[in-house]
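User: I am new to this structure and would like to go through a few of its residues with you.

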Amino acid sequence: MNNELNFYNKIKNWDFSKIKYIEESLTNWDLYTILNKEATKNSYILDLGTGAGEKLLKNFPEVKKIVGTDFSPEMIKTAQFNLEKSKRKNIEFRVMDNLNMNIENDCFDIVVARHTCINAKQIYKCLKKGGILLVRGVDKLDCFELKKMYGKGQAYNDIKPISQIDYENILDAGFKNVELVPIHIREYYKTKNDLIALLLKAPILQDFSEINENENLNEKLDFSIIDNYIKNHETDKGILLIRRYYGIVAYK
Ligand SMILES: C[S@@+](CC[C@H](N)C(=O)[O-])C[C@H]1O[C@@H](n2cnc3c(N)ncnc32)[C@H](O)[C@@H]1O
């Protein structure tokens, strides 16, 4: 099985609510603010790589129809459970690979892809004319001090930042008025255990292209490096972690 699929199937949810941290955004770009402004009650919205639908169920507006998709059957199982608990209407979850999308042409008003991979050409096809693509991604320099100390991590060895690759692919697919915004966020983790909980769950120190399929990702964390990192990043607000994301808005 694909390493990444294996990783997400094992995790089965994308809930970080038990980890204690605060967030300071230095950038005025928020995916959900744009989504809620652009959507109308008649909108059809597709959320790619939805995880277990946690963000969708909390932040997406009430519209005509929302479809949340993920390539992990385990994530979609949890998403169905979360949907029933939420009592929200007009939402459907299903298994789909973002790189092999099984969606009719010209049928969505908005496509959202948050922290997941995309195929810009396939997204372009499934959007209606005038439809909007909203992307938020994790960039190469995310948590870079920590990745440098480990000498590895998501996108650590990429020559070209993923933000630039997505941006160019989106332009090449035919989108117009394409905007790429760098997003800087400071996170402060309350305790060492909160930071470790994040690193054990989110693929920050993993690179899916470089791990062995049978390797237990979590056993690979060297905790002495975390102690060193904490020594240099402890602040009054907590343990500082610098997050680097990017946002893209594009129109068909
Ligand atoms: C980091 S989580 C983000 C979840 C959610 N979008 C959010 O913002 O909280 C990435 C999700 O993308 C999914 N994913 C990764 N590669 C995928 C692919 N090729 N096709 C569909 N889903 C994928 C994973 O299974 C996982 O649920």
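Predicted model: local features only at pLDDT ≥ 70, side-chain atom pairs only at ≥ 80, totals over all residues.

User: Which residues come nearest to the ligand?

Analyst: The shell around the ligand divides into six nonpolar, seven polar and five charged residues. Of the 18 residues around the ligand, the ones that come nearest are Tyr8, Gly49, Gly51, Phe71 and Arg114.

User: Is Lys87 buried or exposed?

Analyst: Lys87 sits in the loop between helix 4 (73-86) and strand 4 (91-95), and its phi is positive, at about 65°, although Lys87 is not a glycine. Most residues other than glycine have a negative phi. Because a residue with 12 or fewer other C-beta atoms within 10 Å counts as exposed, and Lys87 has 7, the answer is exposed.

User: Is Cys143 buried or exposed?

Analyst: Cys143 also has a positive phi, near 50°, and is found in the loop between strand 6 (127-138) and helix 6 (144-150). Since 20 or more other C-beta atoms within 10 Å make a residue buried, and Cys143 has 23, the answer is buried.

User: How far apart in space are Leu200 and Asp109?

Analyst: Leu200 belongs to helix 8 (residues 192-201) and counts as partly exposed, with 13 C-beta neighbours inside 10 Å. Leu200 and Asp109 are 91 residues apart in sequence, and their separation in space, C-alpha to C-alpha, is 36 Å.

Key: Residues numbered from 1 in each chain as written. Helix = DSSP H or I, 4+ residues; strand = E, 2+ residues; numbered from the N terminus. Near = placed C-beta within 6 Å. Nonpolar A, V, L, I, M, F, W, Y, C, P; charged D, E, K, R; others polar.
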